[in-house]
Amino acid sequence: MKDLEKQEQTVLLKLGGSLITDKKRPRTLRDKTLARLAGEIALAFKQRPSLRLVLGHGAGSFAHVSAKEHGTRQGVRTQEEWQGFIEVWWDAAVLNRLVTEALKIAGLPAIALPPSAAILAQDGKVARWELNPLEAALNAGLLPVIHGDVIFDSYRGGTILSTEDLFSYLAQKINPSRMLLAGIEPGVWQDFPAKTTIIESITTSNYHKVMPAIGGSAATDVTGGMQDKVEQGLALSKLLPDMEILIFSGDEAGNLTDVLLGAKHGTLISNSDK
């Protein structure tokens, strides 16, 4: 991965499941929103041709519903649980195809790199990930697309890794300049569920003060809600203090292009000791 590590402009972008699907309606795509987001990514590439982007997306109302039904993240051992594993995989793959189709229509050179085919886990964490195809895609000027997926696990049999789980591992290998998490909320709320004030910055020193206001997801989410996202971001910021992590809204037209071009919307997560 040495060639990849030399690149300073690699950016990790997640399109949250709540952003691209209706998480209150099983297997329902927010197709107009997805098309707009794909167009905004294309516009960012047009204005910044040197951008190296790894795109990830959540499972939303597709795989989260079947994952909760079968308890797949906790482990897969019985034949019935393996059938559930396949159902979750199918739902995740269907959504991934819809995402990559939208990207293609927008004129982007997107290529899906399914985590289930490249990763082995150990007790819910990435143990091995064959990253050479992702490196080759970036070096060829393509847009590699990954997503939350089922994963074979040496301890649990099978599990699920979220996009944040994947980004946390990937960031430590490729040292990106930014990790951008686009959802429907404009950032992390200071007063959830009243939602009147956004926290501009969360650091290791102020997290204990803001933690009581940070809740989980309002809809089915087997891989954790906002609190997990913030905690993973803080842990990663300690390891990579120069990386910028933003939680922002992709639901507001133009936001995604602005952020990809360097703007700072939403909530910044950083290591206060850097």
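In this predicted model, strand S3 runs parallel to strand S6 (residues 143-147), and the two are joined over three bridges. Within that pairing, Ile111 stands opposite Pro144 in S6. Helix H5 (residues 79-105) packs on the sheet here and touches strand S2 (52-57), S3 and S6. The direction of H5 makes about 155° with that of S6. Helix H7 also packs on the sheet, where it touches S1, S2, S6 and S9; its direction makes about 180° with that of S1.

The sheet as a whole is open and has eight strands, in the order S3-S6-S2-S1-S9-S13-S14-S12. Its pairing is mixed. Strand S3 (110-112) and strand S12 (201-203) are the edge strands, each pairing on one side only. From one strand to the next, the twist averages 20°. Strands of a sheet pair through backbone hydrogen bonds, in either the parallel or the antiparallel sense.

H7 can be taken next. The helix has 12 residues and reaches 16 Å from its first C-alpha to its last, close to the 16 Å expected at 1.5 Å a residue. Of the 12 residues of H7, 10 are buried, so the helix is largely enclosed by the rest of the structure. After H7 comes Asn175, whose phi is positive, near 50°.

H7 also matters for the count of core residues. The largest nonpolar core has 35 residues, and those with the most contacts inside it are Trp129, Leu170, Ile202 and Val230. Elements that give two or more residues to this core include strand S4 (119-122), strand S5 (125-129), helix H6 (132-139), helix H7 (163-174) and strand S9 (178-183). Helix H8 (207-210), helix H9 (226-239) and strand S13 (244-249) are also among them. H7 gives the most to this core, with six residues. Apart from this core lies another, of 30 residues, among them Ile20, Leu34, Leu246 and Leu260.

Which residues does Val230 contact, leaving aside its neighbours within four places in sequence? Val230 is in contact with Val188, Ile202, Tyr207, Ile214, Ile247 and Ile269. One of these, Ile202, is listed with Val230 among the residues that have the most contacts inside the largest core.

Thr10 counts as buried because its relative accessibility is 0%, the cut-off for buried being under 20%. Not counting residues up to four places away in sequence, Thr10 touches Arg52, Leu138, Ile174, Pro176, Ser177 and Arg178. With Arg52 there is a polar contact between the two side chains, at 3.4 Å.

Strands S7 and S8 form a hairpin, joined through three residues. Strand S7 (residues 149-153) and S8 pair in the antiparallel sense over five bridges, and Ile151 stands opposite Thr159 in S8. Strand S8 (residues 157-161) is mostly covered, with four of its five residues buried.

Ser61 lies in helix H4 (residues 60-70) and is buried, with a relative accessible area of 2%. Leaving aside neighbours within four places in sequence, Ser61 is in contact with Thr21, Asp22, Lys23, Arg25, Pro26, Arg27 and Thr28. Two polar contacts involve its side chain: the side chain of Ser61 reaches the backbone oxygen of Arg25 at 3.0 Å, and a polar atom of that side chain lies 3.1 Å from the backbone nitrogen of Thr28. Ser61 and Gly158 are 97 residues apart in sequence and 21 Å apart in space, C-alpha to C-alpha.

Arg27, one of the residues in contact with Ser61, is placed in the loop between helix H2 (17-20) and helix H3 (31-47). Arg27 has a positive phi of about 55° although it is not a glycine. Is Arg27 buried or partly exposed? At 37% relative accessibility, Arg27 counts as partly exposed. Asp123, in the loop between S4 and S5, likewise has a positive phi of about 55° without being a glycine. Asp123 counts as partly exposed, at 38% relative accessibility.

Terms used:
Residues numbered from 1 in each chain as written. Predicted model: local features only at pLDDT ≥ 70, side-chain atom pairs only at ≥ 80, totals over all residues. Heavy atoms only, no water. Core = buried A, V, L, I, M, F, W, Y, C linked by side-chain atoms within 4.5 Å. Buried < 20%, exposed > 50% of the residue type's maximum accessible area, 1.4 Å probe, protein only. Contact = heavy atoms within 4.5 Å. Polar contact = N/O pair within 3.5 Å; in protein donor to acceptor, adjacent residues only side chain to side chain. Expected span 1.5 Å × (residues − 1). Pairing = 2+ DSSP bridges. Axes fitted to C-alpha atoms, helices over the stretch in contact; angles between N-to-C directions.
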